[in-house]
Amino acid sequence: MGDSGNSSESHKKVANSITFSFDDGGIEDIVVINSLRKFCLTATFYLISNRTNLSVYGFRDMDSIRELYSDMEVGCHSKNHPQFNLIDVTKWHEEIYSSRCDLLNIFNKTQKIRCFAYQMNTFVPGMESVL
């Protein structure tokens with residue numbers, strides 16, 4: 001649709017937009033998130049649900065993990081980080097869906113978990129049906 005000069009809140013264009021995303025999760029996210037916050041920026045962090053535990057982050061409780069990502073977007077990056085082209089198609093659903101369920105539970109449903117990032121460029125035709 002062309003721009004007739006009328007603007008509405010739902011159709012405003014954002015000039016000079018940049019998106020940031022980070023994969024896998026871990027202790028380095030602490031430094032990244034603190035740096036982003038200094039500049040009032042946000043990013044999407046794609047987490048591997050089986051690696052979202054206290055030992056990976058050096059935290060004492062799950063509330064610390066929830067607080068770390070509280071003003072960031074969290075997305076799925078699978079449960080175990082397999083190369084999807086090397087695993088059986090029947091495992092795709094478990095890797096993707098159970099990862100989302102795990103993350104929803106970890107974040108007490110305060111995060112919507114509505115995005116997914118393929119790891120290692122392993123998109124395989126047919127995977128979109130699982131998403």
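Buried means under 20% relative accessible area, exposed over 50%, and partly exposed in between, with a 1.4 Å probe and protein chains only. This is a predicted model, in which local features need pLDDT of at least 70 and side-chain atom pairs count only at pLDDT 80 or more, while totals for chains, interfaces and linings use all residues. Residues are numbered from 1 along each chain as its sequence is written, and side-chain values use heavy atoms, with hydrogens and water left out.

**Whole chain**

Start with a cartoon view of the chain, which has 4 helices and 3 strands. Helices (H or I, at least four residues) and strands (E, at least two) are DSSP runs, numbered from the N terminus. Following the sequence, the order is β-α-β-α-α-β-α. Of the 131 residues in the chain, 35% are buried. Switch to a surface: the accessible area of the chain is about 8600 Å², and carbon and sulfur atoms hold 52% of that. Accessible areas come from the Shrake-Rupley method with a 1.4 Å probe, and for residues only the protein chains shown count as cover. Among contacts (heavy atoms within 4.5 Å) with a separation of 6 or more, 67% are between residues 24 or more positions apart.

**Surface patch**

Select I18, F20, F39 and L41, which form a nonpolar patch on the surface with about 430 Å² of accessible area together. Patches are made of residues with over 30% relative accessible area and no salt bridge; like charges are joined within 9 Å, and nonpolar side chains (Val, Leu, Ile, Met, Phe, Trp, Tyr) within 5 Å. I18 sits in the segment before strand 1 (21–24). At 65% relative accessibility, I18 is exposed.

**Salt bridges**

Side chains of opposite charge can pair when their charged atoms come close. A salt bridge here is a side-chain nitrogen of Lys or Arg within 4 Å of a carboxyl oxygen of Asp or Glu. The structure holds 4 of them; the stops below are among them.

Select D71 and R37, whose closest N and O atoms are 2.6 Å apart in a salt bridge. This pair joins distant parts of the chain, 34 residues apart: D71 is in the loop between helix 3 (62–68) and strand 3 (73–76), and R37 is in helix 1 (residues 28–38). D71 is partly exposed at 38% relative accessibility, and R37 is partly exposed at 27%.

Next select E73 and R114, a salt bridge with an N to O distance of 3.9 Å. E73 lies in strand 3 and R114 in the segment after helix 4, 41 residues apart. E73 is partly exposed at 29%, whereas R114 is exposed at 63%.

Then select D102 and K79, where the closest N and O atoms of the salt bridge are 2.6 Å apart. Is K79 buried or exposed? K79 counts as buried, at 17% relative accessibility.

**Q119**

Finish at Q119, in the segment after helix 4 (89–106). Q119 is buried, with a relative accessible area of 1%. Show its surroundings: apart from neighbours within four places in sequence, Q119 is in contact with H77, S78, H81, P82 and F84.
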